[in-house]
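Subject: Handing over a structure

Dear colleague,

I am passing on the structure below, together with a short account of what was found in it. Please read the account with the structure open beside you.

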Amino acid sequence: MDSVYVKITFEVNNEEKVIVMKGLQLNELTVEQKIGQVMVARGNWYDDKEFLYELLEKRAIGGIQVPFTETVLEDIEELKRHADYPVLICADMEKGFPKSPYQIPSMLGLGITGDEELAYQVGVVTAIEAKRYGFNTVWGPVVDLITGNAMCKVPRVFGKDPEYVSKMAAAVLRGYRDNGMVASAKHWPGSLDVKRDGHVFGNTSQMTEEEIVNIVFRPYQYLMEKEGLGAVMSGHTMYPNVDDTYPSSVSEKIIGILRKQGFDGLMFTDSFAMNGILQRFGEEACYGLAIKAGNDMILPNYRTSLKTSYEYLLNAYKEGVFTEERLNEAVRRVIEAQNFTLKPAVASEVSEEQKECFRRIEQDSICAIKDEGLSLDLRNGKAKLFIVVEDNYYKDDDGVEYEISDPSGINRQNLAQVKESILKRFPDSKIEVVSQYPSPRQVQKACIASTYSEEVIYLTFVSSTSYRIGENFTEVLLNLMSSMEGKISAIAHLGNPYALEMTPHIPRKLMSVGGGASTIDRFIGIMAGEYEPKGILPLDIRFQ
């Protein structure tokens with residue numbers, strides 16, 4: 001691959017400069033360069049740009065995570081001015097490329113559509129848009145299997161069935177790779193029995209090695225055999241039935257399972273900023289242990305300076321935590337991944353047909369579950385009360401107001417649009433707005449309004465967000481629903497569908513993991529008989 005190169009042209013002080021970007025040669029690198037090659041510089045490099053530029057000029061950094069700030073394009077262009085080799089420019093892109101107008105609700109939303117061609121086009125378009133900015137590596141798709149309410153993961157997965165997840169993930173992965181993007185399936189090995197947020201908790205799975213190989217390995221196996229899986233990201237969960245000392249990201253036994261099954265691609269760790277692993281092992285020890293265990297690139301704690309992270313890893317090598325042979329193996333895989341990014345893309349522009357795919361996903365990612373014999377069309381002449389659950393707000397020490405959750409729900413920015421959607425289809429209906437944490441006054445007003453209504457419809461949302469810790473309705477909100485049990489004819493819910501397990505019985509349930517006013521508008525359109533939802537929920541949920 002050493003004959004593959006790319007010419008990059010840009011201007012410096014009104015003079016044209018050309019860099020011939022060419023793959024690195026392992027035998028030409030010093031130990032200090034190799035140490036940098038097995039690291040991803042993360043958000044911390046913004047505070048020490050000169051050190052990162054120095055590493056780039058020395059060919060001593062393997063990858064860079066670039067935040068999606070207003071200056072992201074300029075930042076990447078500046079980074080490339082200092083590098084003459086194909087550095088991995090990395091990010092999560094689970095809803096599409098964040099700077100692109102072509103977004104999907106989430107990977108679960110894509111899974112709800114069940115359409116592999118749509119999944120492929122999501123991979124293609126995400127790659128086209130990302131490469132336009134200079135990104136060449138995506139941490140995804142997620143191939144974790146979900147059989148319960150696993151915090152933060154639900155919107156990120158395709159479903160519960162290994163075969164279904166395999167096919168949907170393979171389609172997305174193929175779209176990435178056809179356009180020269182390194183894609184990493186995650187979070188090895190995944191788990192079926194972890195329900196807590198690993199950003200906060202140290203999680204434990206009771207799966208055995210046999211269960212790992214026979215169940216959660218299956219999507220990885222499919223991607224290896226069908227799509228030439230090039231990269232994997234390891235998680236931080238403990239599997240005491242396999243390794244009772246180390247979690248997966250620093251466990252030779254857990255990483256070894258994947259290697260024994262024939263995977264010889266690049267292995268990333270998940271972030272070492274996550275509290276679940278920092279609480280157990282401390283930051284400095286994790287870096288060396290991760291390389292020793294068989295990972296090829298670490299994602300350091302973004303709260304720690306790049307220079308300190310580099311020194312942690314270099315010191316681990318000098319102290320013999322991992323060998324030069326293990327380091328060489330890791331760097332070889334990094335270089336192979338870097339060289340893959342020089343592959344020319346299949347396409348460079350998003351077609352009109354592909355744009356239409358994204359419009360279809362937004363509509364087809366809505367699913368409905370209803371009691372037998374009922375219609376979703378609620379144009380029945382009954383006096384209706386819509387209870388709209390809005391995000392809570394708080395003020396920080398500087399008096400700046402924030403949402404507790406995220407903008408994918410119902411909030412002050414889109415509440416007027418939500419009300420407009422309701423009144424356009426049901427002009428005689430009443431609307432009451434309550435918070436996720438309703439106040440006594442809101443509860444009183446909603447209860448009084450319900451007594452004058454023949455049926456009640458709830459519009460709700462529960463976001464799956466790291467560090468949120470809980471992903472359910474508040475007890476106050478659930479009690480409010482229970483007070484109206486029998487009158488509630490429908491609930492239209494955004495976000496984590498497992499939250500609906502806690503509600504009283506509601507005969508019609510509309511669900512989408514997408515967000516905001518546009519999805520709410522589609523919900524209201526369905527209840528107004530404009531169309532039938534096509535999506536099928538690829539999860540098992542125990543509704544009341």
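In this predicted model, helix α5 (residues 116-133) and helix α6 cross in a right-handed sense, where right-handed means that the near helix is turned clockwise from the far one by less than a right angle, and left-handed that it is turned anticlockwise. The axes of α5 and α6 come within 7 Å and cross at roughly 30°, the axes being lines fitted to C-alpha atoms, for helices over the stretch in contact, with angles running from 0 to 180 degrees between N-to-C directions. The two helices are therefore roughly parallel to each other, since angles under 35 degrees count as roughly parallel, over 145 as roughly antiparallel, 65 to 115 as roughly perpendicular and the rest as oblique. On the α5 side E116, A119, Y120, G123, V124, T126 and A127 meet K167, M168, A171, V172, R174, G175 and Y176 of α6, contact being heavy atoms within 4.5 Å. Sorted by class, this contact has eight nonpolar, three polar and three charged residues; Ala, Val, Leu, Ile, Met, Phe, Trp, Tyr, Cys and Pro count as nonpolar, Asp, Glu, Lys and Arg as charged, and the others, Gly among them, as polar.

Helix α6 (residues 162-177) also packs against helix α8 (residues 218-227), with axes that come within 9 Å and cross at roughly 40°, which makes α6 oblique to α8. This crossing, too, is right-handed, and among the residues that make the contact are V165, A169 and L173 of α6 and P219, Y222 and L223 of α8. By class, the contact of α6 with α8 has eight nonpolar, one polar and six charged residues.

A further pair is formed by helix α16 (residues 440-451) and helix α17 (residues 475-483), whose axes are 11 Å apart at an angle of about 15°, so that α16 and α17 are roughly parallel to each other. Their crossing is right-handed, and the contact is made by V443, A446 and C447 of α16 with V476, L480 and S483 of α17. By class, it has five nonpolar, one polar and no charged residues.

Some single residues also deserve a note. A290, in helix α11 (residues 283-293), counts as buried because its relative accessibility is 0%, buried meaning under 20% relative accessible area, exposed over 50%, and partly exposed in between (1.4 Å probe, protein chains only). Beyond its neighbours within four places in sequence, A290 is in contact with S249, V250, T269, F272, N295 and I298. R59, in the loop between α2 and β4, has a positive phi of about 60° although it is not a glycine, and R59 is partly exposed at 33%. The peptide bond from K186 to H187 is cis, with omega near 5°, and so is the one from W188 to P189, with omega near -10°.

As for confidence, the mean pLDDT (the predictor's confidence in each residue, from 0 to 100) is 89, and 91% of the residues reach 70 or more. Over residues 9-13, however, pLDDT stays under 50.

Residues are numbered from 1 along each chain as its sequence is written, and side-chain values use heavy atoms, with hydrogens and water left out. Because this is a predicted model, local features need pLDDT of at least 70 and side-chain atom pairs count only at pLDDT 80 or more, whereas totals for chains, interfaces and linings use all residues.

How values were computed: Helix = DSSP H or I, 4+ residues; strand = E, 2+ residues; numbered from the N terminus.
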